[in-house]
Amino acid sequence: MKNKRFLIVLAAFVFAAAVFAVAWSRRPAAEPVPGARKLKIVTTLFPLYDMAGAIGAGKAEVSLLLLPGVEPHSYEPKPGDIVRINEADIFIYTGGSMEPWAEDLIKSVSNKGLTVLNAGLGVTLMRGTGTGPAEPENAPDPHIWLDLDNAGVMAGNILAALENKDPSNKDLYQRAAAAYRGRLAALDTAYKTGLSACRTKEIIYGGHYAFGYLARRYGLKYLAAQGLSPDSEPTARDLVALVEQVKKDKIKFVFYEELTSPRIAEAITGETGAKMLLLNAAHNVSRDQMERGVSFFDILQSDLDNLREGLECR
Ligand SMILES: [Zn+2]
């Protein structure tokens with residue numbers, strides 16, 4: 001796997017070098033961005049795409065590296081990705097434990113004017129305690145954006161990168177970031193209020209362990225069928241444990257994951273008669289959602305609606 005990735009990256013590097021030999025002659029590497037041109041920003045995951053788009057306030061052309069629907073944990077970069085990053089002013093990823101492939105990828109980039117931003121800088125990674133069925137023990141949980149304080153830190157890091165790259169629009173970026181953080185705070189309040197009086201506090205998740213931060217923030221218990229990445233198979237023992245939990249606590253709803261087959265949640269509901277509800281971790285969006293312009297806030301609001309229904313909140 002590593003060798004294959006290296007060869008792909010090497011081939012892409014050679015190709016990109018040829019392409020950019022031409023481009024460089026027209027565009028000096030470290031030139032500040034002129035006021036008239038839009039900043040080019042490439043992001044890895046959907047929350048970053050949403051934040052950079054909002055904070056860029058029409059002065060940035062933001063794109064998502066992953067195609068809609070693509071699973072990000074085990075993503076294999078394509079040669080075209082390096083070409084896109086080489087054309088960008090800023091490349092933003094979530095962090096080394098979310099996209100280890102991104103840190104490999106940027107080693108092959110020849111664009112010396114590129115700002116590479118780890119948006120998770122300053123966020124304290126949560127570590128699982130290994131107490132739930134598939135809860136990882138002591139491994140860092142990369143789903144940092146699902147704690148809205150962390151999302152605020154990420155938005156702040158993105159703001160700093162934009163200000164630095166394009167100081168002429170500093171005021172605009174600052175206002176947009178303040179508005180974005182205001183919306184995060186309002187959503188956080190909606191979660192706190194909306195989840196304060198529920199019959200059950202248990203999220204039974206037929207997907208991978210993505211909601212540890214959210215559960216901790218709102219005092220919920222989170223039981224997932226798979227570990228930190230969706231390519232980990234659930235064990236028969238964990239599935240039995242989840243089915244037992246649903247029966248024991250008379251849980252009426254089991255949550256399922258976005259952009260993948262809900263077969264695990266189906267297996268649990270098939271055994272228990274519970275119903276299914278979506279709980280979307282917003283790693284990426286579908287093509288249809290991208291076309292409809294769905295935002296990070298839309299996804300988290302739907303999650304809150306489903307949590308309120310599923311946990312039987314008043
Ligand atoms: Zn994940």
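Predicted model: local features only at pLDDT ≥ 70, side-chain atom pairs only at ≥ 80, totals over all residues.
Let me open with a question: in which loop is the place of S286? S286 sits in the loop between β10 (275–278) and α10 (287–292), where helices (H or I, at least four residues) and strands (E, at least two) are DSSP runs numbered from the N terminus. Residues are numbered from 1 along each chain as its sequence is written.

Leaving aside neighbours within four places in sequence, S286 is in contact with P68, G69 and L259, a contact being two residues whose C-beta atoms, placed from the backbone, lie within 7 Å. S286 also lies 8.9 Å from E258, C-alpha to C-alpha, although 28 residues separate the two in sequence.

Now to the sheet. Here 4 strands form an open sheet in the order β2-β1-β3-β4, with parallel pairing, and two strands are taken to pair if DSSP finds at least two bridges between them. The edges are held by β2 (60–64) and β4 (115–118), each of which has a single partner strand, so one side of each is left without a neighbour in the sheet. On average, and with direction ignored, neighbouring strands of this sheet are turned by 20° against each other; the axes behind such angles are lines fitted to C-alpha atoms, for helices over the stretch in contact, and angles run from 0 to 180 degrees between N-to-C directions.

Looking at individual pairs, strand β1 (residues 39–43) and strand β3 (residues 90–93) run parallel and are joined by 3 bridges, with V42 standing opposite F91 in β3. Helix α2 (residues 46–56) packs on the sheet, where it touches β1, β2 and β3, and its direction makes about 170° with that of β2. On the other pair, β3 and β4 run parallel and are joined by 4 bridges, and I90 stands opposite T115 in β4. Together, β3, helix α4 (residues 100–106) and β4 make a right-handed β-α-β unit, right-handed meaning that, with the strands pointing away from the viewer, the path from the first strand over the helix to the second runs clockwise.

How many of the residues of α2 are buried? The count is 11 of its 11 residues, and α2 is therefore described as mostly covered. Those buried residues pack against β1, β2, β3, α5 (148–165), α6 and α11. After the helix comes A57, whose phi is positive, near 45°.

The axes of α2 and helix α6 (residues 170–194) come within 7 Å and cross at roughly 130°. This makes α2 oblique to α6, since angles under 35 degrees count as roughly parallel, over 145 as roughly antiparallel, 65 to 115 as roughly perpendicular and the rest as oblique. The contact is made by M51, A54 and I55 of α2 together with Y173, A176, A177 and Y180 of α6. By class, these residues divide into 7 nonpolar, no polar and no charged, where Ala, Val, Leu, Ile, Met, Phe, Trp, Tyr, Cys and Pro count as nonpolar, Asp, Glu, Lys and Arg as charged, and the others, Gly among them, as polar.

For the next pair, α6 and helix α11 (residues 296–310) pack at an angle of about 5°, with their axes 10 Å apart, which makes α6 roughly parallel to α11. R183, L187, A190, Y191 and G194 of α6 meet F297, L300, L304 and R308 of α11, and the contact has 6 nonpolar, 1 polar and 2 charged residues. Within it, A190 counts as partly exposed, with 13 C-beta neighbours inside 10 Å, and the C-alpha atoms of A190 and L304, 114 residues apart along the chain, are separated by 8.3 Å.

I will finish with G128, which is found in strand β5 (residues 126–129). Is G128 buried or exposed? G128 counts as buried, because it has 20 C-beta neighbours inside 10 Å. Not counting residues up to four places away in sequence, G128 touches several residues, including E135, P136, Y209 and G212.

Technical notes
Buried ≥ 20, exposed ≤ 12 C-beta atoms within 10 Å, placed from the backbone.
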